[in-house]
Amino acid sequence: LLLDEHADYIAAYGSKKDDYEYTLSEYLRMSGIYWGLTVMDLMGQLSRMNREEIIEFIKSCQHDCGGISASTGHDPHLLYTLSAVQILSLYDSINVIDVDKVVDYVKGLQQEDGSFAGDKWGEIDTRFSFCAVATLSLLGKLDVINMDKAVEFVLSCMNFDGGFGCRPGSESHAGQIYCCTGFLSITGQLHQVNADLLGWWLCERQLPSGGLNGRPEKLPDVCYSWWVLAALKIIGRIHWIDKAKLRNFILACQDEETGGFADRPGDMVDPFHTLFGVAGLSLLGDEQIKPVNPVFCMPEDVLQRIGLQPDFTAHFVCLPINQTHLIQLISSLKETPGPEMGVRKGRHTKCAVLGGAQDQG
Amino acid sequence: MPYQFYKLLFNVLVFYFRDRKEWADLEPVPQDDGPNPVVKIAYSEKFTDVFDMFRALLQNDEKSERAFALTTEAIDLNAANYTVWHYRRVLLQALDKDLREEMKYITAIIEDQPKNYQVWHHRRMVVEWLNDPSEELQFVAEILSQDAKNYHAWQHRQWVMQEYKLWDGELEYVEELLEEDVRNNSAWNQRHFVINHTSGYSDSSILDREVQYTLKQIKKAPHNESAWNYLNGILQDGGLSSFPGLLEQVTELQDTCSSPYLTAFLVDLYEDALETNSSSYDQQEMFNKALELCKFLAEEKDTIRREYWNYVSRSLQNTYGSGDPVSASSDPPPPPSSSQLPDMEPSDP
């Protein structure tokens with residue numbers, strides 16, 4: 001693992017002579033900054049980035065409607081609003097923007113069926129459901145949206161194989177599954193997932209090479225080391241992956257000369273794959289990298305500082321089926337805030353939720 | 001060839017917007033990243049020319065033919081720039097442009113760059129404005145003929161079909177695609193989509209047809225995750241062990257069409273028989289066979305997923321076995337069996 005090389009690569013990104021790719025990616029610049037900063041923070045190198053200038057840049061990207069654009073002179077969009085809020089959370093500077101307006105912007109994108117549009121032009125996608133609740137969760141304002149409808153829409157995207165697509169009926173796809181499990185975690189609804197079925201579908205993404213693909217019969221890609229792995233972590237089944245083989249695959253995607261990670265061994269590197277390669281390794285337990293939160297793809301210590309742990313993410317608890325155990329467990333849970341309780345849901349067993357993420361009753 | 005030569009050639013051939021007299025009234029607006037530009041953006045000169053001019057138009061909120069022409073140039077340089085697409089749509093409406101022409105334009109762009117969110121969303125908007133889906137299915141079919149798994153193409157197709165109720169002939173289309181590539185997961189998903197929205201699966205003759213169709217495809221290509229997922233998916237409601245003759249049919253396939261998927265399917269079927277306590281099956285036999293197959297998969301056939309198979313084995317033993325609860329060597333004692341609860345890693349709370 002060539003952490004120094006990766007840090008050097010990210011620190012220098014954007015000032016290199018070959019600017020074509022950088023130019024072309026201006027339309028996602030806010031996300032590009034989020035990828036760079038997050039991976040630097042995970043490697044303990046955040047101080048090498050230029051905090052003040054980035055904060056000024058973000059301020060210049062907030063529009064009157066409250067939404068934030070990818071770069072100056074671009075239109076606002078939910079994707080870049082989330083990235084901006086994530087960056088400001090990393091820097092503990094959320095108040096440099098008008099937070100109330102951001103909240104209004106996000107709220108205004110919810111549709112009647114509970115889904116979220118990416119911007120005023122109306123593209124609907126479960127990615128945007130995730131962006132909406134992640135943004136609001138980081139700002140402590142989840143309560144402004146119609147939660148029931150939002151959940152209803154995401155669940156309507158659950159497919160016969162246990163996975164999720166971008167809209168109801170869309171093919172299950174690892175990226176969308178990450179967004180939906182992340183969404184359900186934030187909204188305290190993970191018990192609605194068939195964790196065994198989905199967990200199996202996700203661990204089926206692992207190919208003999210050790211790498212992970214995003215759908216059946218597709219090629220492996222290092223970014224799926226994040227989408228698949230984080231989703232497995234969220235539903236408590238990350239150990240169903242052969243970790244050693246995956247680690248080998250991820251490491252093979254590094255470029256020894258330039259630093260950074262590519263989508264697969266031998267290809268060109270970029271910050272996107274660099275973040276997800278490093279974050280994947282963190283989830284696999286590499287101790288040289290800070291622990292990463294599987295829902296937000298941000299360092300755990302940042303989320304702890306914000307106070308998002310454990311109240312906003314549902315934890316699964318092993319719930320015994322007999323009454324004595326049940327009573328014992330409930331007494332012990334009273335001391336532990338946050339956990340969501342559920343009962344085994346087989347085909348012929350009722351599912352009962354005994355308490356929500358914020359209700360310990 | 002030296003760089004300087006190319007630069008000279010480029011300058012001769014390209015007539016920059018900033019030099020064109022019909023653009024002389026506009027002052028190009030250079031990129032401004034704030035007081036101390038941190039995000040250093042070094043453009044090639046043509047980019048600079050086009051996008052500086054674009055920013056000027058945006059600032060003036062200009063709605064004109066030359067603005068429309070500029071969006072074409074900008075898209076040509078970078079079709080992923082969503083702000084340019086937005087502006088183009090504003091102009092399409094403000095200038096009352098010919099939307100049929102726009103359809104031709106977006107068709108060409110998508111054919112060139114079929115894996116881009118903006119182009120597909122733009123097409124959808126034009127179709128909505130025209131309220132005319134008549135070209136869509138054929139167009140998507142053409143794109144899919146180049147890449148039968150293009151996720152954007154499939155979303156567009158599903159939207160058109162649902163919005164305009166164009167279900168006829170789709171099952172036949174899916175079958176054609178599966179003839180070409182029986183492992184096309186998108187096509188299997190589409191099969192489910194179509195039937196779900198038309199006949200549904202509750203009619204036993206439909207379900208039977210689908211089961212037989214799927215088994216036939218499996219015989220052609222046994223190592224096919226999508227087909228097995230589909231089979232499992234359509235039988236979930238009724239239960240795998242309740243479908244008459246299925247166990248026999250699948251067992252028969254074991255000799256010629258063996259795969260980890262077939263074995264996994266048998267485990268699921270045995271587990272369903274146990275769960276429903278079905279009298280059609282010898283419960284002890286189901287239990288023993290299920291455990292045997294889990295071991296086979298963990299140790300030989302699907303070792304990369306041994307953790308999963310060991311979990312299934314433990315769950316079965318804990319639920320249906322007669323002995324003491326079984327744990328993984330590092331499980332906290334005693335874990336309940338469940339399909340819905342987490343199979344906790346040792347380090348989890």
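**Exercise 1.** Determine what share of the residues in chain B is buried.

*Solution.* The model is predicted, so local features need pLDDT of at least 70 and side-chain atom pairs count only at pLDDT 80 or more, while totals for chains, interfaces and linings use all residues. Residues are numbered from 1 along each chain as its sequence is written, chains are lettered from A and ligands numbered from 1 in the order in which they are written, and side-chain values use heavy atoms, with hydrogens and water left out.

**Exercise 2.** State how many helices and strands chain B has.

*Solution.* Chain B has 16 helices and zero strands; helices (H or I, at least four residues) and strands (E, at least two) are DSSP runs, numbered from the N terminus.

**Exercise 3.** Describe how helices H6 and H8 of chain B cross.

*Solution.* Step 1: the axes of H6 (residues 117-130) and H8 (residues 151-164) of chain B come within 10 Å and cross at roughly 15 degrees. Axes are lines fitted to C-alpha atoms, for helices over the stretch in contact, and angles run from 0 to 180 degrees between N-to-C directions.
Step 1: this angle makes H6(B) roughly parallel to H8(B), a term for angles under 35 degrees.
Step 2: by class, the contact has six nonpolar, two polar and three charged residues. Ala, Val, Leu, Ile, Met, Phe, Trp, Tyr, Cys and Pro count as nonpolar, Asp, Glu, Lys and Arg as charged, and the others, Gly among them, as polar.

**Exercise 4.** Characterise the aromatic pairs A:Tyr80 with B:Tyr82 and B:Trp120 with B:Phe139.

*Solution.* Step 1: rings of Phe, Tyr and Trp (its six-membered ring) pair if their centres lie within 6.5 Å; planes under 30 degrees apart count as stacked, over 60 as edge-to-face and the rest as tilted. The structure holds 24 such pairs over all chains.
Step 1: A:Tyr80 and B:Tyr82 are stacked, 5.5 Å centre to centre with 20 degrees between the planes. A:Tyr80 lies in helix H5 (residues 78-90) of chain A and B:Tyr82 in helix H4 (residues 82-94) of chain B, so the pair joins two chains. Both A:Tyr80 and B:Tyr82 are buried.
Step 2: B:Trp120 and B:Phe139 are tilted, at 5.9 Å and 50 degrees. B:Trp120 is in helix H6 of chain B and B:Phe139 in helix H7 (residues 136-146) of chain B, 19 residues apart.

Conventions
Angles under 35 degrees count as roughly parallel, over 145 as roughly antiparallel, 65 to 115 as roughly perpendicular and the rest as oblique. Buried means under 20% relative accessible area, exposed over 50%, partly exposed in between (1.4 Å probe, protein chains only).
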